[in-house]
Amino acid sequence: MTQLQARDVVRSYGRTPALRGVTLDLDEGEILAVTGPSGCGKSTLLHCLAGILRPDSGEVTWRGERIDTWSEAARSRLRRTEFGVLFQFGQLVAELTAAENVALPLLLAGTGRREARAVAASWLDRLGVGEVADVRPGEMSGGQQQRCAAARALVTGPRVLFADEPTGALDTLAGEQLLTTLVRLSREKGTSVVLVTHEPRIAAYADREVVLRDGTVDHSGLGVPSTGGHR
Amino acid sequence: MTPGALVRLALAGTRTDTARVLLTALSAVLAALAVLAAFTVLAIPTPPATADNPVRWSEHYSQALLREPGLRGGTAFALVLLTVPVLALAGQCARLGAPARDRRLAALRLAGATPRQVTWLAMLETGVASLLGTLTGLGLYLAARELLHRPDEHGRLALPTDVLPPVGALAAVVLGLPVVAGAATALMLRGVITTPLGVTRRAARERGPGPGAMVLIVVGAAVLVLGWPLLARWSAYGPSAALGPVFLVGGGLAALAGVVSAAGWFSYTTGRVLRRYARRPAALLAASRLMADPWAGSRTFAALLAAVTFGAGAAALRAHFVAQDELRREASRRVGVEAGDNPFYLATMTLVDLAVTVAVVIAAAGLLVAVVEGIVARRRAYAALVATGVPRGTLARSIAWQSVLPAVPAILLALAVGTLVARGLFGDATSGSYTSLVCDAGERLCSDPATRERYSRIVEVPATHRVPDVPLEHLALLGAGALAAVLVTVAVGLLFLRSSTAVEELRAT
Amino acid sequence: MSEVSTPHVLLGLLASGGRHGYELKRAYDARLPQARPLAFGQVYATLGRLERDGMVAVTGQERDGGPDRTTYALTDEGRAALDRWLSDVEPPLPYVASTLLAKVVVALLVADVDRARSCLVAQRQAHTARLRELTGVKHAPSATLDDVVAADYAIAHLDADLRWLATTLDRVADWHREVHP
């Protein structure tokens, strides 16, 4: 069943067009890779789908409801409750410990500090970095930071996980371990994943691949259809 | 969010954030003291008119500014105006560590915090810091009241330590200033709130500022110079006591805002010119820095330019008073009286000059904060440059260039605007025509009503007016002082360059 | 991927003790799970050549109803040869030649840009599908480290091929202009 849809999404930065009309569906539980060369609009598409950016024109619908017209606050709440976001780097708050970072979405939603911390700690364990719960990001390795960020993206039990080059700053092995964990947890919970990457190796974790080129979906047969991988 | 979580997130921060909170509190102390002093002056009761005291003076003060009811409004107003540089200082302190905080708030937004939640966090920080500051200010004020309550041998007081503003006014200061500070913070955070990508992705680079600031200056000056006499004419028919300060403050702020935003244009333009002609790396670095963030100059110099504008206005006013005084004495001489100069206005101007000096010092403190902040905020870039072999001297020179170059035209503009507005507002020194009965004989004959008539004649004193001198010396002193403040703060700020360019900074987050 | 050097793998499998042909085949398939499966005939032919060259020696022969079971063991000479082989560095890609590359070159020569492009696109799809399949094999719960390491090897190469395909797709028009000036 289609959960998230983009219809003719257009978005520019100043005079530079990033997306020139992208149409895309995301099914429930599907892992979708968005690939393409640098500057093709991958990240912008992810930001539009996740409700971080508002498209200049076109529609983004979540379970049949248009979210691109929602207020900033409403989209923030949607991101907090239904979506999880994982970037290449820079999404952790440097001044908070790993556990506090992971607990953030819960705290913002009004969960008590003690409870939020306990849930956060359990997610850090699940991602294999339980030992850094009281460490600040500056003292962690890149891999630990990224796992911590992944725990934060998953802590609210999102319906969709948006990952923008999540392994970009990691070596092959660390990246692979992170991605394996992410894919396993997503499959367990039936979470959909939008995975933006330029690496074929990473895109291979997905059920389906969409290739962007110059801000539009490349239909020349580059995108590889679902092999029925997702269950 | 639960209150506990709110406080935890609001207080998450580094040493820079602690410094910002402390400086914000300090600014609140200063602002609270100035406003409390103004309220105290306004709280002085005017005694009922009696036979002894038909002008209703409060005779138990040694200062004319406090004694005469007509002067108290102006005194209070001047005290309130002193909060302008203080507020500018507070604004500069709010920039301290701002990149790190913007990053933190953007990260919070990415985690799903609503714009409102993020705004609340930032407002809470500023509000609590300001509340601590205003409470401290109130404490200092109450302590000073006790300490300075020293009547002289005639039982007269130098300061109005015998009156206390109403409790409502005190509460308004202590609680109102933090609210204003919080609101200002919310306003400054608009840019961050609209985008959770914050530093990850900036939208299109804003264009360089145009010379639109000049429009603000012209409007402000017009309001002051043209609006004020108009208002004065109306005031004969209706109550305009409330409108007067609104006009003064509104016009003054518009002109000030113009001067301050012109600094942005100066930064951009000097950057462009410098980039075209610069051959050395230091100048090139400075030029591109100036063009990349022209508003940094405005922010940095805001308080200083405000103080200089005021100072120039005060200098022009002093020149006006001097001219007026001379005119008056000339007129007196004509009727044969040798009047000594009237020290009242000039004494008042000395007080104003003192206030301007205080403001320049406060502004210099703000400037120092801004320069250090600028170096610390870009320490990664500087450390990277040093790591690739750029000598620290080159960086130091580029920082000096980028601070001093736009400062010079901005200070000159501030001096010009202050002088011209004051000139327009107060006009030429004039005295109206009048006739006077002069008795030319000695004191014995003149004091006798019988003989006085015979020796008296009517002297007509024509209306005169005199253009006050441009107080060049005073203005030069003020400009040189401001420039010296810039140079000193840059020199002090550069002391932080060495520690900020340690190559270890490359690893810092 | 270049061909596996079967004689040396067999020598290596014999290093831990003598085995007969059937055991060797099974061990080979287990250790190199994603390689082309080894045919029985090839095992015996290789062993015959190795015996002729004095690398291995027959140490026993038994026959219990089924096929002939000849046990082979490593000779000193064989051990020395194995050691030499392990010490030799493999020449990194001595000749740039692959069927894929050749096919695209020929497509450009005999046809137009579109033909070459569709050839690349089809290849990209096939590569991606295989990459996904191997990723699945690697992350299957039953995967052993043998599977993972072998899959890693193939994944890295497919990844490289896919990057090459992507860049070549971008260059194919210019390339065509160079071939047909």
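Chain A comes out with an average pLDDT of 87, and 95% of its residues score at least 70; pLDDT is the predictor's confidence in each residue, from 0 to 100. This is a predicted model, where local features need pLDDT of at least 70, side-chain atom pairs count only at pLDDT 80 or more, and totals for chains, interfaces and linings use all residues. Residues are numbered from 1 along each chain as its sequence is written, while chains are lettered from A and ligands numbered from 1 in the order in which they are written.

**Confidence in chain A**
- Helix α2 (residues 72-81) of chain A has the lowest confidence, a mean of 86, and strand β8 (residues 192-196) of chain A has the highest, at 95. Helices (H or I, at least four residues) and strands (E, at least two) are DSSP runs, numbered from the N terminus.
- Over residues 227-231 of chain A, pLDDT stays under 50, and the model has eight contacts beyond four places in sequence for that stretch. Two residues are in contact if their C-beta atoms, placed from the backbone, lie within 7 Å.

**Where chain B touches chain A**
- Chain B puts 26 residues into this contact and chain A puts in 28 residues.
- On the chain B side, the elements giving two or more residues are α1 (3-11), α6 (98-110) and α7 (115-147).
- α6(B) supplies the largest share of that side, five residues.
- Sorted by class, the chain B side has 13 nonpolar, nine polar and four charged residues. Here Ala, Val, Leu, Ile, Met, Phe, Trp, Tyr, Cys and Pro count as nonpolar, Asp, Glu, Lys and Arg as charged, and the others, Gly among them, as polar.

**Chain C overall**
- Chain C has seven helices and three strands, and along the sequence they run α-β-α-α-β-β-α-α-α-α.
- Of the 181 residues in chain C, 22% are buried (20 or more other C-beta atoms within 10 Å of the residue's own, with C-beta atoms placed from the backbone).
- Among contacts in chain C with a separation of 6 or more, 56% join residues 24 or more positions apart.

**A helix pair in chain C**
- Helix α2 (residues 21-31) of chain C packs on helix α3 (residues 40-52) of chain C at about 115°, with the axes 10 Å apart. Axes are lines fitted to C-alpha atoms, for helices over the stretch in contact, and angles run from 0 to 180 degrees between N-to-C directions.
- α2(C) and α3(C) are therefore roughly perpendicular, a label for angles of 65 to 115 degrees.
- C:G21, C:L24 and C:K25 of α2(C) meet C:F40, C:V43, C:Y44 and C:L47 of α3(C).
- Those contact residues divide into five nonpolar, one polar and one charged.

Conventions
Buried ≥ 20, exposed ≤ 12 C-beta atoms within 10 Å, placed from the backbone. Parallel < 35°, antiparallel > 145°, perpendicular 65-115°, else oblique.
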